Amino acid sequence: MFFGAEGERSLEPENTAALRRLSQDNWAQSKADMTTAVTLRDAGIYYASVFFAQQAAEKSLKAAIISRLNRTPRGHNLITFANDLNAPLDVMNAAAELNIEFLSSRNPEHAEGVPAQVYDLRAANVHLRASETIVDWARNIL
């Protein structure tokens, strides 16, 4: 194993099976995170729904990067991940909508208040739609 740009791990070509498995695992977790986001929205736990919507998008983009670019991305920047994949404008916009939610949906200093009190049904729906845009696109390129 060696490290490439920005500390991303790259596996030697002979480890393509390991990359395939990692991509599949990220995709499976993305689907589980999306289910969790919907369940939490329906239960009225909006801040957590937004967080899991962001996580679903992140893991679907990571699965696509691993599969298409043969490297494991680091971090949580959805804009960078989507850009690495030459995503279309609607996916880039969805990534921009969700990008900050990794922090804002969990941390008062980023949410400018208590996340559990800041998010509402409208916010959960907006972020779920953004996540669905990304996840659907990633599914099509995997």
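A polar contact (a pair of N or O atoms within 3.5 Å, one able to donate a hydrogen and the other to accept it, with residues adjacent in sequence counted only if both atoms are side-chain atoms) of 3.2 Å joins the side chains of E101 and H127. The model is predicted, so local features need pLDDT of at least 70 and side-chain atom pairs pLDDT 80 or more, whereas totals for chains, interfaces and linings use all residues. Residues are numbered from 1 along each chain as its sequence is written, and side-chain values use heavy atoms, without hydrogens and water.

E101 is buried yet has no salt bridge, the nearest side chain of opposite charge being R106, 9.0 Å away; here buried means under 20% relative accessible area, exposed over 50% and partly exposed in between, with a 1.4 Å probe and protein chains only. Lys and Arg count as positive and Asp and Glu as negative, while His and the chain ends are not counted.

A salt bridge requires a side-chain nitrogen of Lys or Arg within 4 Å of a carboxyl oxygen of Asp or Glu, and by this rule the count comes to six, among them the following.

| Pair | Closest N to O distance |
|---|---|
| R21 and D25 | 2.9 Å |

R71 is buried, at 16% relative accessible area, whereas D84 is partly exposed, at 27%.
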